[in-house]
Amino acid sequence: MTHPGHRLGLLFAVLGAVGFSFKAILIKLAYPYGVDAITLLALRMGLSLPFFLALGWADQRRRQPVPLAGRDIGMMLALGFSGYYLSSYLDFLGLQYISAALERLILFAYPTLVVVLSAIFLGKPLTRRGLGCIALCYAGIALAVAHDLKIAGTADNVLTGGTLVFASAVSYALYLMGNGQAVGRLGAARVTAWASTAACVLCLAHFAATRPLSDLVQPAPVMLLAAAMALSPTVQPVWMVSEAIRRLGAGPVSLIGTLGPVVTLFLGWLILAEPIGLFQLIGGALVVAGVMLVGKKG
């Protein structure tokens, strides 16, 4: 008989994967109203900022850790810049050009990028299985790109959007490499809270430097979508995935996370009327298989 805590962990893991999958859908729904990428990102991060400040405050009260040293503050800024500011900005820009399903598949390949970057910067060897996983992922992405080229009618848009989202995945992979070292020293809640706070401030500063403040006044649907973005693909899945890992462990939760591209593919078809083709289905299967293999131990 399944333990109630285990069932709840499974539910949280699935809902977390679904929450992350909604991000691209919400962004694509907002763009027809004329909002640009940095304004939409500023709204999302501005609405998320109180949550991250509350998380940092709660962690401070609970653990009462020593104050952050100068190098730790620099690390938080670097992680916030790479993981949540630059990666998010490039992703938002890329979604102006490509489908939500293709965006999710490209982003989902970030574990293979961590393997490659670790080999380049940390001297970790590339195994034969690692190379095979990378080949699987990028064969899948190539098939998904071929699908988008067929339905989009313009190669420039698909290649521009794909390049931007791939750069977003590289930025996120760099964040993950630094994040592992920071969490070991400072704790997950503290790193999440202050790196995310730094990213929110960077996004708002970018907006303030390039747009009039009046641009923050958007139509009601854009404001609602930005609020949903702050909750569904940001606050809700971060908490639910953390709770799922606490109940089930990281391995099963990572496996359930492979639902992400499939959910985005379905939601893109259901909500955005994005067509689903055979190339896209096969490509998605290859990407998911590659990521599952690269994360498998042994």
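1. A quick definition to start us off: a residue is called buried under 20% relative accessible area, exposed over 50%, and partly exposed in between. Arginine 211, at 26% relative accessibility, therefore counts as partly exposed. Please keep in mind that this is a predicted model.

2. Arginine 211 has a partner: its side chain meets that of aspartate 36 in a salt bridge, 2.6 Å from N to O. Aspartate 36 sits in the loop between α1 and α2 (37-63) and arginine 211 in the loop between α8 (188-210) and α9 (220-248), so the pair ties together parts that are 175 residues apart in sequence. Aspartate 36 is also partly exposed, at 23% relative accessibility.

3. The structure holds five salt bridges. One of them joins lysine 23 to aspartate 91, with the closest N and O atoms 2.5 Å apart. This pair, too, links distant parts of the chain: lysine 23 belongs to helix α1 (residues 4-30) and aspartate 91 to helix α3 (residues 70-94), 68 residues apart. Lysine 23 counts as buried at 13% relative accessibility, and aspartate 91 counts as buried at 0%.

4. Arginine 62 is exposed at 62% relative accessible area, whereas aspartate 59 is buried at 4%.

5. On to the rings: there are seven aromatic pairs. Tyrosine 110 and tyrosine 172 make an edge-to-face pair, 5.2 Å centre to centre with 90° between the planes. Tyrosine 110 is in helix α5 (residues 110-121) and tyrosine 172 in helix α7 (residues 155-186), 62 residues apart. Tyrosine 110 is partly exposed at 28%, as is tyrosine 172 at 25%. Ring pairs also gather Tyr84, Tyr110, Tyr172 and Tyr175 into a cluster.

6. Helix α11 (residues 259-271) deserves a look. Its 13 residues reach 18 Å from first C-alpha to last, close to the 18 Å expected. Its buried residues include Val263, Leu265 and Leu267. Just after α11, alanine 273 takes a positive phi of about 60°.

7. Finally, Phe266, Trp269, Leu270, Ile271, Ile276 and Leu281 form a nonpolar surface patch with about 570 Å² of accessible area together. Helix α11 gives the largest share, four residues. Isoleucine 276 is found in the loop between α11 and α12 (278-294), and is partly exposed at 36% relative accessible area.

Key. Residues numbered from 1 in each chain as written. Predicted model: local features only at pLDDT ≥ 70, side-chain atom pairs only at ≥ 80, totals over all residues. Heavy atoms only, no water. Helix = DSSP H or I, 4+ residues; strand = E, 2+ residues; numbered from the N terminus. Expected span 1.5 Å × (residues − 1). Buried < 20%, exposed > 50% of the residue type's maximum accessible area, 1.4 Å probe, protein only. Patch = residues over 30% accessible without salt bridge, like charges linked within 9 Å, V, L, I, M, F, W, Y side chains within 5 Å. Areas by Shrake-Rupley, 256 points an atom, 1.4 Å probe, with all protein chains shown as cover. Salt bridge = Lys/Arg side-chain N within 4 Å of Asp/Glu carboxyl O. Phe/Tyr/Trp six-rings, centres within 6.5 Å; stacked < 30°, edge-to-face > 60°.
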